[in-house]
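Please open the structure in your viewer and keep the selection panel at hand. The tour below moves from one selection to the next and says what is found at each stop.

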Amino acid sequence: MSSRRSCGLVLACAALMAAVAGAAQYNVGGDNGWGVPGAGAESYNTWAEKTTFQVGDQLVFVYPKDKDSVLLVAPADYNACNTNTYDKQFTDGNTVFDLDRAGAFFFISGVDANCRANEKLIVMVAAAAKGAPTPSQGSPAATATTP
């Protein structure tokens, strides 16, 4: 009986590893991290529009935790750079956000002036496709690594 449990546990672990293997991790802002885009830099949304995000992928936001933060907000709060109302606030300086559903995610800086200087991002996540995962594209604004 214990060999059946062991076999079942091994199969469950193998299935989990296979599901995670297709996920990608994206460093928002690449080597520069999450911050106000520099002059002439590609905007976060331009990068996101060229990237195919799938359910299970992760976004990594790296920023100085004493000077910035990341807010997950509603579309109206994104458009208004409203830093007072948010669904989730991240302040740890190294935020890993799981894209756990298909649809749009709206992120802004927790610093009003930074958001108004275009430190904000919309990510559209495609529904998980059955079969082979769609390869995602990287860019200078972000890099992707697979675990």
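Begin by selecting Cys81, which counts as buried because its relative accessibility is 5% (buried means under 20% relative accessible area, exposed over 50%, and partly exposed in between, with a 1.4 Å probe and protein chains only). Before going further, note that this is a predicted model, in which local features need pLDDT of at least 70 and side-chain atom pairs count only at pLDDT 80 or more, while totals for chains, interfaces and linings use all residues. Residues are numbered from 1 along each chain as its sequence is written, and side-chain values use heavy atoms, with hydrogens and water left out.

Cys81 sits in the loop between helix 3 (75-80) and strand 5 (88-90); helices (H or I, at least four residues) and strands (E, at least two) are DSSP runs, numbered from the N terminus. Although Cys81 is not a glycine, its phi is positive, at about 50 degrees. Most residues other than glycine have a negative phi.

The torsion about the S-S bond of Cys81 and Cys115 is about -80 degrees, so the disulfide is left-handed. Cys115 is buried as well, with a relative accessible area of 1%.

**Stop two: strand 7 and its neighbours**

Next, select residues 103-109, which form strand 7; 5 of its 7 residues are buried, so strand 7 is largely enclosed by the rest of the structure. Which strands pair with it? Strand 4 (residues 70-73) runs antiparallel to strand 7 and is joined to it by 4 bridges, while strand 8 (residues 120-126) pairs with strand 7 in the antiparallel sense over 6 bridges; two strands pair if DSSP finds at least two bridges between them. To see the bridges, show Leu72 with its partner Phe107 in strand 7, and then Gly103 with its partner Val125 in strand 8.

Within strand 7, pick out Ser109, which is buried with a relative accessible area of 0%. Its side chain makes a polar contact with the side chain of Asp68 at 2.6 Å (a polar contact is a pair of N or O atoms within 3.5 Å; within protein, one must be able to donate a hydrogen and the other to accept it, and residues adjacent in sequence count only if both atoms are side-chain atoms). A polar atom of the Ser109 side chain also lies 3.0 Å from the backbone nitrogen of Val111.

Move on to Lys120, in strand 8. Lys120 is buried yet has no salt bridge, and the nearest side chain of opposite charge, that of Asp112, is 9.6 Å away; a salt bridge is a side-chain nitrogen of Lys or Arg within 4 Å of a carboxyl oxygen of Asp or Glu, and for charge, Lys and Arg count as positive and Asp and Glu as negative, with His and the chain ends not counted. The side chain of Lys120 does reach the backbone oxygen of Tyr78, at 3.4 Å.

Finally, select Asn118, in the loop between helix 4 (112-116) and strand 8. Asn118 is not a glycine, yet it has a positive phi of about 80 degrees, and it is partly exposed, with a relative accessible area of 34%.

Note on methods
Disulfide = S-S within 2.5 Å.
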